[in-house]
Amino acid sequence: MLRPALLAAAVTAAFPVHADPQLDALRAELQELKTAYEARIQALEARLQKTETQTAEAAIKAEPAPVRSRFNPDVSFILQGKYAHLEDRADRSITGFLPSGAESPSRGFSVDESELVLSASIDPWFRGYLNAVLADGEVGVEEAWFQTTSLGQGLSVKGGRFRSGIGYQNEQHPHAWDFATNSLVYEALFGEGYGQDGLQMKWLAPTDTFLEFGAEAGRGGAFPSTERDSNGFPSLALFGHVGGDVGTSNSWRAGLSYLHARPQERAFEGRDLGDGDVDGAFSGKSRTWLADFVWKWAPNGNTTQQNFKFAAEYFQRRESGELNGDISGPYSADQSGVYAQGVYQFIPHWRVGYRYDQLFRGDVMFNGADAGATLASLADYDPRRHSLMLDYSPSEFSRLRLQYSRDEAQQDIEENQFYVQYIYSLGSHGAHKF
């Protein structure tokens with residue numbers, strides 16, 4: 001339908017102007033229609049403008065809606081188990097080192113610790129994480145922490161129970177390890193890994209090169225520290241990491257960390273020179289330095305076809321204090337260890353890896369003399385282990401692994417160990433760290 005103005009123009013063009021009363025009346029009628037139409041448009045525009053103004057004013061006066069937390073976390077369950085072919089030995093301690101409490105592998109079939117993991121954003125300022133461990137009918141809390149998300153300036157604070165940020169592997173749970181067993185370095189000096197109840201502050205520098213620094217204060221609890229019923233911070237940790245990319249196919253990260261702990265009555269079991277059992281406890285200071293390095297390669301950054309990862313860590317630990325129990329007296333130890341491993345995915349879903357572990361017993365003194373003269377379990381011996389593995393991952397949620405280890409952790413004993421392991425992830429699971 002033509003607008004009145006266009007209709008008037010069409011009529012004028014079709015009928016030239018003449019002194020005709022009928023045409024004059026028609027023109028007058030069309031002019032009235034045009035005027036009425038324009039007036040209506042102007043009224044509608046005025047109403048629209050008024051409504052927009054009222055809406056804007058109402059939005060300014062309205063109070064912000066309260067932030068509501070929705071319980072919609074990512075939930076996953078990790079199933080792990082293995083078959084281990086091992087020699088029948090009751091004692092699997094590491095010669096030259098006070099026992100860390102790390103569990104020895106079981107012979108035959110066993111179900112490893114399964115993990116229930118929940119994580120979610122709590123609100124715009126915090127996120128939360130829970131890792132509960134299920135083993136032998138018992139439930140334990142591996143991690144349970146909150147972390148800030150909006151402090152700005154690259155700062156974040158974590159509080160609760162968490163795995164310490166020192167080193168490289170320490171923050172990884174067993175299902176994320178590249179081998180079915182832990183390295184000798186962690187077994188002897190950290191148990192499975194070091195965690196504590198406390199606070200962590202981390203700063204990520206605003207630079208192209210990855211650069212982070214962190215500090216932790218807590219009650220300790222894990223080896224080489226102990227649980228303590230006291231105020232303050234018996235455990236302190238510092239760490240720094242630097243890294244970056246080399247082209248499009250390579251990336252790296254290096255770090256240096258320090259842990260200061262004050263164990264109190266840290267229990268241990270050993271063997272005397274007559275192969276008798278000795279029970280005791282250590283109290284004093286424990287200081288550990290860690291250096292770690294990781295290099296990753298994937299063609300053009302695409303890890304789905306081929307990739308390679310090299311990782312190494314070096315530990316240097318010094319302890320001084322007193323032994324009490326079946327034997328008593330001053331004790332000091334300056335010990336170290338290293339592991340180096342390479343894992344290569346040669347085709348999609350298939351990886352092969354090798355790891356070398358080496359411990360250095362160093363100087364271990366008891367009552368002013370070499371501790372090996374009192375305890376056979378602290379003899380002057382440097383343990384080591386070689387491990388080869390092959391694993392197959394049908395998807396990102398499942399993995400099957402074969403592993404062979406040549407274990408020389410005990411003096412005068414060389415053992416061939418074979419493992420078959422499975423790892424399955426049920427549900428959504430966050431990405432692992434670099």
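**Notebook: rings, cores and one histidine**

Basis of the entries. The model is predicted, so I note that local features need pLDDT of at least 70 and side-chain atom pairs count only at pLDDT 80 or more, while totals for chains, interfaces and linings use all residues. Residues are numbered from 1 along each chain as its sequence is written, and side-chain values use heavy atoms, with hydrogens and water left out.

Whole chain. I find 3 helices and 19 strands in the protein chain (DSSP runs numbered from the N terminus, helices being H or I of at least four residues and strands E of at least two). Of the 434 residues in the protein chain, 41% are buried. Among contacts (heavy atoms within 4.5 Å) with a separation of 6 or more, 61% are between residues 24 or more positions apart.

Aromatic pairs. I pair rings of Phe, Tyr and Trp (its six-membered ring) if their centres lie within 6.5 Å, calling planes under 30 degrees apart stacked, over 60 edge-to-face and the rest tilted. The count by this rule is 15 aromatic pairs. For Y129 and W145 the ring centres are 5.0 Å apart and the planes at 15°, so this pair is stacked. Y129 belongs to strand β4 (residues 126-135) and W145 to strand β5 (residues 138-148), so the pair ties together parts 16 residues apart in sequence. Y129 and W145 are both buried.

I then checked F282 and Y331: the ring centres are 5.6 Å apart and the planes at 70°, so the pair is edge-to-face. F282 is in strand β12 (residues 277-297) and Y331 in strand β14 (residues 329-347), so parts 49 residues apart in sequence are tied together. F282 has 0% relative accessibility and therefore counts as buried. One aromatic cluster is formed by Y186, F190, Y194, F315 and Y339.

Charges over rings. The rule asks for NZ of Lys or CZ of Arg within 6 Å of the ring centre and within 35 degrees of the ring normal. K158 lies over the face of W145, 4.3 Å from the ring centre. R355 has its charged end over the ring of F179, at 4.7 Å from the centre.

Nonpolar cores. A core is a set of buried Ala, Val, Leu, Ile, Met, Phe, Trp, Tyr and Cys residues joined through side-chain atoms within 4.5 Å. The largest has 22 residues, of which I94, I166, L189, F190, F315 and L359 touch the most other members. α3 (184-189), β9 (235-246), β12 and β13 (307-325) each give two or more residues to this core. With 5 residues, α3 gives the most. A second, separate core holds 13 residues, including V278, I327, Y331 and L375.

H260. I place H260 in strand β10 (residues 250-261). At 19% relative accessibility, H260 counts as buried. The side chains of H260 and Y258 are joined by a polar contact of 3.5 Å (N or O atoms within 3.5 Å; within protein, one must be able to donate a hydrogen and the other to accept it, and residues adjacent in sequence count only if both atoms are side-chain atoms). Leaving out residues up to four places away in sequence, H260 touches P234, S235, L236, K285, S286 and R287.

Key:
Buried < 20%, exposed > 50% of the residue type's maximum accessible area, 1.4 Å probe, protein only.
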